[in-house]
Amino acid sequence: MDLFRVFDWHGSSIGSAQGGPLFVARRLQGSGRHDAPDKYGAWYCSRDAVAAVAESIKFLRGQSLRDRDFVRADDTRKTLVSLRLDRAVSLVDLDD
């Protein structure tokens with residue numbers, strides 16, 4: 001199964017370091033979410049790439065999108081990543 005997530009990519013990290021697809025920005029979690037950033041980090045993923053993108057740009061609803069809407073103040077870019085799960089996995093725990 002493939003899961004999709006949108007993250008803020010700085011252009012070089014491909015792992016769990018800040019700016020990478022596996023990084024969890026706990027400082028941005030907790031407000032209005034069903035997570036506990038003081039206990040664990042949570043990835044927000046979807047089985048549908050369109051749903052992952054829609055969740056990340058919901059604040060731009062009703063507006064025309066431009067390339068610059070996907071660039072953050074710290075020069076990271078909103079990026080979509082596909083995470084493939086091993087077929088042998090029967091239960092997925094997506095927090096750390």
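How many salt bridges does the count come to? The count comes to four salt bridges, a salt bridge being a side-chain nitrogen of Lys or Arg within 4 Å of a carboxyl oxygen of Asp or Glu. Some of them turn up in the views below.

A note on reading the legends: this is a predicted model, with local features needing pLDDT of at least 70 and side-chain atom pairs counting only at pLDDT 80 or more, while totals for chains, interfaces and linings use all residues. Residues are numbered from 1 along each chain as its sequence is written, and side-chain values use heavy atoms, with hydrogens and water left out.

**View 1. The whole chain, for orientation.** The chain has one helix and two strands, and from the N terminus on they run β-α-β. Helices (H or I, at least four residues) and strands (E, at least two) are DSSP runs, numbered from the N terminus. The C-alpha trace spans about 40 × 30 × 30 Å along its principal axes. Of the 96 residues, 26% are buried; buried means under 20% relative accessible area, exposed over 50%, and partly exposed in between (1.4 Å probe, protein chains only). Take the contacts (heavy atoms within 4.5 Å) with a separation of 6 or more: residues 24 or more positions apart account for 57% of them.

**View 2. Aspartate 8 and its two salt-bridge partners.** One partner is arginine 72, with the closest N and O atoms 3.4 Å apart. That pair links distant parts of the chain, since aspartate 8 sits in strand 1 and arginine 72 in the loop between helix 1 and strand 2 (77–84), 64 residues apart. The other partner is lysine 78, at 3.1 Å from N to O. Here strand 1 is tied to strand 2, with aspartate 8 and lysine 78 being 70 residues apart. As for cover, aspartate 8 has a relative accessible area of 23%, so it counts as partly exposed. Arginine 72 is partly exposed at 36%, and lysine 78 is partly exposed at 25%.

**View 3. The glutamate 55 to lysine 58 salt bridge.** Glutamate 55 pairs up with lysine 58, and their closest N and O atoms are 3.0 Å apart. Glutamate 55 is partly exposed, with a relative accessible area of 37%; for lysine 58, also partly exposed, the value is 43%. Back in the previous view, salt bridges that share partners join Asp8, Arg72 and Lys78 into one network.

**View 4. Alanine 52, a buried spot in helix 1.** Alanine 52 belongs to helix 1, and its 8% relative accessibility is why it counts as buried. What does alanine 52 touch, leaving aside neighbours within four places in sequence? The contacts are Phe4, Arg5, Val6, Ser46 and Leu80. Look at phenylalanine 4 in particular: its C-alpha atom is separated from that of alanine 52 by 6.2 Å, although the two are 48 residues apart along the chain.

**View 5. Serine 13 in its loop.** Serine 13 lies in the loop between strand 1 (2–9) and helix 1 (49–56). Not counting residues up to four places away in sequence, serine 13 touches Gln18, Gly19, Gly20 and Pro21.
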